[in-house]
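Subject: Structure for your review

Dear colleague,

Please find below the structure that I am handing over to you. My notes on its aromatic rings follow.

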Amino acid sequence: MALVAGVDSSTTACKVVVRDADTGEAVRTGRSAHPPGSEVPPEAWWAALQEAASDAGGLDDVAAIAVAGQQHGMVCLDGSGEVVRDALLWHDTRSAAAAADLVAELPGGAAAWAEAVGSVPVASFTVTKLRWLAEHEPANAAATAAVCLPHDWLTWRLQGAAAALTTDRSDASGTGYWSPVTGAWRPDLLGLAMGRAPGLPRVAAPAEVVGESPGGALVAPGAGDNAASALGLGAAAGDVVVSIGTSGVVTAVNASPTADPSGAVAGFADATGAFLPLVCTLNGAGVLQAACRLLGVSASRLAELALSSPPGAEGLVLVPYLVGERTPNRPDATGALHGLTDTNLVAANVARAAVEGLLCGLADGLDQLRRSGVEARRALLVGGGARNPAVVTLAPAILGLPVVVPTEGEHVADGAALQAAWARAGGDRPPTWEASPATVREAEPDPAVRERYAAVRDLTADRPGAGLSRPGAPRART
């Protein structure tokens, strides 16, 4: 039996899966936590990978390995390959003002950005974090000889310091300075952000072998987490992947690139050579966790309460912008609970409103994908939030689609393992592994819930003084 390993270096943890390269049969798994926060030393990811690999029984016997990771993070390296400063992660919103400046400074604004790189910069994207670095930490910006992404850095570390930096098209497409249409970096946009263009990883082909580990395992290029998840799930045309993890994500494999000048849809690439238009919200499973804290109940009890309340939660509507929001682009927004009366303010309705609010935000994202030309026939519901019975039960009516819930697993790491098997075997397409059993849920759409949500979602407040632009006009950069 030839074995391959897939790594999911996510925001919160590192997961490792080892599978049979030919059949996809799961052999063993491991896990290790990441430190909390939106600013993390990359060495913590490496330590977690070593611990997760050990927890999985070691990787000495694997023939190939690939790393999937959280997108957008900024990893700056000096001329010796040392990390310049702690990495800023995707959910660090300190660069919100920088994003607005970059959009304004490029002639043509948002439409020009969408045409250039498929997306309009928001605080999540690497390009905005580099502008923040240049303006707020000029010494660190000057020391930066190369910039890479979290999964790039781990792929490099797996091969040893003598290796060259590589990335893949899916993760490169989330930087804000790589074009999914041309398949090339845009050093001019990187220069707009930093005032110069530091070194960048080489973008490898989807199934390319980019190197070897010291133990002789082939190293594949890896992918961004959403692209790896789509690969692991076997998502095809008509499938919309709805992931409820730290963030909420609605994405779909598409044959053609997208360019949404509104910025709602990010025109990313996938891990196979196609495209992966994506809508991301900052508020995912954390909405459910916050509701549990508020009510003092477990996740299972939250689900019971939510399902005991009628559709619409007797008029309660939660707009769940608890950590700001990315779609719509309101990094300084706060959440709100609307429709309170002396009769409906009960635990069951609050629980129902939390689940409905989370799903309504994701349904808005699905609408945005459709407006970009994406076909949607069914939704694949994954992520930690998909384990909540209330989410699974209410999703079909609110999303307006049949919902498929795959067997619980590490779909991002599984996609990375499949890519490793593909790199080992070669060929134009990844190997075909037997699909895991899945549960299918259907229900009549319930537009009333979404209509009530739409009526109040723009009434939420911004944090006073947060994210304010700096005085004076934006400075042009050449």
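A residue is called buried when its relative accessible area is under 20%, exposed when it is over 50%, and partly exposed in between (1.4 Å probe, protein chains only). This is a predicted model, in which local features need pLDDT of at least 70 and side-chain atom pairs count only at pLDDT 80 or more, while totals for chains, interfaces and linings use all residues. Residues are numbered from 1 along each chain as its sequence is written, and side-chain values use heavy atoms, leaving out hydrogens and water.

The whole structure contains 3 aromatic pairs. Rings of Phe, Tyr and Trp (its six-membered ring) pair if their centres lie within 6.5 Å; planes under 30 degrees apart are stacked, those over 60 edge-to-face, and the rest tilted.

One of the pairs is W45 with W153, edge-to-face, at 6.4 Å centre to centre and 75 degrees between the planes. W45 lies in helix α1 (residues 42–55) and W153 in helix α6 (residues 150–159), so the pair ties together parts 108 residues apart in sequence. Helices (H or I, at least four residues) and strands (E, at least two) are DSSP runs, numbered from the N terminus. W45 is buried, with a relative accessible area of 1%, and W153 is buried with a value of 1%.

Another pair, F125 and F268, is tilted: 6.1 Å centre to centre, with 45 degrees between the planes. F125 is in the loop between α3 (109–117) and α4 (126–136), and F268 is in strand β18 (residues 266–269), 143 residues apart. Both F125 and F268 are buried.
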